[in-house]
Amino acid sequence: MDDSDGSISQKRLVHGARLRALPLNVDCPARCAFCYERRVPAVLPHVRTEHIPRYDDARFDAFRQMVARARDWEAETGRAPVFGILPTFERTPQGIAHFPVCDVFSSGLSHDQIEELVRMREGDVCMLYAVGLNLDLDFIAYLTRRYPETFRLHLSIVTFDPDLRRQLMNPDIDVDVLRRACTLTRDATFFLMLLTADQLAADVEEVLAATSADNGGLFVHKLYYDRCSPRRVVELAREAALQREVAVRRIASLPRAGRRIMCSLGADIQAYTRRFEIYTMLSRCTEEADEVIFCSPGTYAVIDGYYRSSGNLVRAMGSAFGGNLDFVQGCTARDVVAQLEELVTAGHRLRRVVVPDAMFWLDGAYDLNGERAESIAAAFPDLSLEVVAVPPEVVCSVVDLDDCLVYFNDFHRPVAAPMAE
Ligand code: SF4
């Protein structure tokens, strides 16, 4: 519980550290049109929104402990924490909670506090997430110069295109600041979004030209929308989906492109890239007949293609978010139960149901509705339930540009029917 003076309890600080969430007691001021953070109350009404109150100077000692906890997390996962981004859902005694996080430079921390955060991470890397709002270039240049091995910027550019930016991004973000930030930083990570093939090629070219060959990484992302997204975001996402292949070929042909560009353009590409691991994983835990295998919408085509002749059924689960979310973390036990009821009512003879454990990612055991796999077994006690352990590298949503090309070059790749939204 927070103290009545508006400060924050130690328990909540530790919680924030585990989430890598920086302090924030207001909605993120960046207000990106595609941001799902702001729509969680509408999309997932059972999830409680928790604000982690802003740190003040008097409480900064506690902030040190938060950073120390982030170091534990890094040792545990082998990944450097990026302050200010996902994951943001946690299971608490009061139910599922969502902790909004945002751009570090818009979180109310002073320059001194941000510098202290970087200094506390000396010896490790300190990545700070930014969309360009409130980004002071002199301060970025100072941090880069003063902490060359520690400070790294995680810059979410989205696009430089002025028309598309007007539709998606806060107009207060100065594009020239984004451009200059690209040239100032060392080993930064840049995020771009596929909106149109022309836009993406121009944006990638610009980032590659502004940075040296060994300077950081470039990530290209899909535009996701959920059931409550603004109409324009939905339209842009659908148009972008049609241009994936052209866009990938365009950026792969750029002179400076290469393995430095990583893509998260849909779970179908990632599932195809990992298909042999998925088949091996499933062959160890599926049997001969009368099974129904549930998977994420993005993995469906690859798994259905493998099982089509086996007589077993493959079903894509729905997402708690709706929209075009195609990865397993959005899938829920409730959707499995609903589909099983339909199958049984339609007269399907079923003996076993197979689900991936990655959909139960909250506390390693609960889905986004706060339900465990056992809720499926409880609804269908006559079916045996197999929860498949999916390795983290299979769940990971990023592949390199070469993997995308292999996917689009394979004329025999399994292609799923359009997702029901
Ligand atoms: S910066 Fe991140 S949290 Fe803030 S509005 Fe944009 S997407 Fe949402």
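**Close-up views of a predicted model**

**View 1. Strand β10 and its two partners.** Three bridges join strand β10 to strand β12 (residues 352–356), and the two run parallel. The model shown here is predicted. Strand β10 also pairs with strand β11 (residues 313–316), through four bridges, and this pair runs parallel too. Take I293 as a landmark. In β12, I293 stands opposite V354. In β11, its bridge partner is V314.

**View 2. Burial of strand β10.** Is β10 buried or exposed? Five of the five residues of β10 (residues 291–295) are buried, so the strand is largely enclosed by the rest of the structure. Both faces are covered. E291, I293 and C295 lie on one side. V292 and F294 lie on the other.

**View 3. The four-stranded sheet.** Four strands form an open sheet in the order β11-β10-β12-β13, with parallel pairing. Which strands lie at the edges? They are β11 and β13 (384–388), and each pairs on one side only. From one strand to the next, the twist averages 20°.

**View 4. Helix α13 on the sheet.** F294 has R315 as its bridge partner in β11. Helix α13 (residues 300–307) packs on the sheet and touches β10 and β11. The direction of α13 makes about 175° with that of β11.

**View 5. Helices α5 and α7.** Helix α5 (residues 137–146) packs with helix α7 (residues 175–184) at an angle of about 10°, and their axes lie 10 Å apart. Angles under 35 degrees count as roughly parallel. That makes α5 roughly parallel to α7. On the α5 side, the contact has L137, I140, A141 and T144. On the α7 side, it has V177, R180, A181 and L184. By class, the residues of this α5 and α7 contact are six nonpolar, one polar and one charged.

**View 6. Helices α10 and α17.** Helix α10 (residues 244–252) and helix α17 (residues 401–409) cross at roughly 130°, and their axes come within 10 Å. The two helices, α10 and α17, are therefore oblique to each other. The crossing of α10 past α17 is left-handed. Which residues meet here? E245, V248, I251 and A252 in α10 meet L401, C404, L405 and F408 in α17. The contact of α10 with α17 has seven nonpolar residues, no polar ones and one charged.

Methods:
Residues numbered from 1 in each chain as written. Predicted model: local features only at pLDDT ≥ 70, side-chain atom pairs only at ≥ 80, totals over all residues. Axes fitted to C-alpha atoms, helices over the stretch in contact; angles between N-to-C directions. Parallel < 35°, antiparallel > 145°, perpendicular 65-115°, else oblique. Contact = placed C-beta atoms within 7 Å. Nonpolar A, V, L, I, M, F, W, Y, C, P; charged D, E, K, R; others polar. Left-handed = near helix turned anticlockwise from the far one by under 90°. Buried ≥ 20, exposed ≤ 12 C-beta atoms within 10 Å, placed from the backbone. Pairing = 2+ DSSP bridges.
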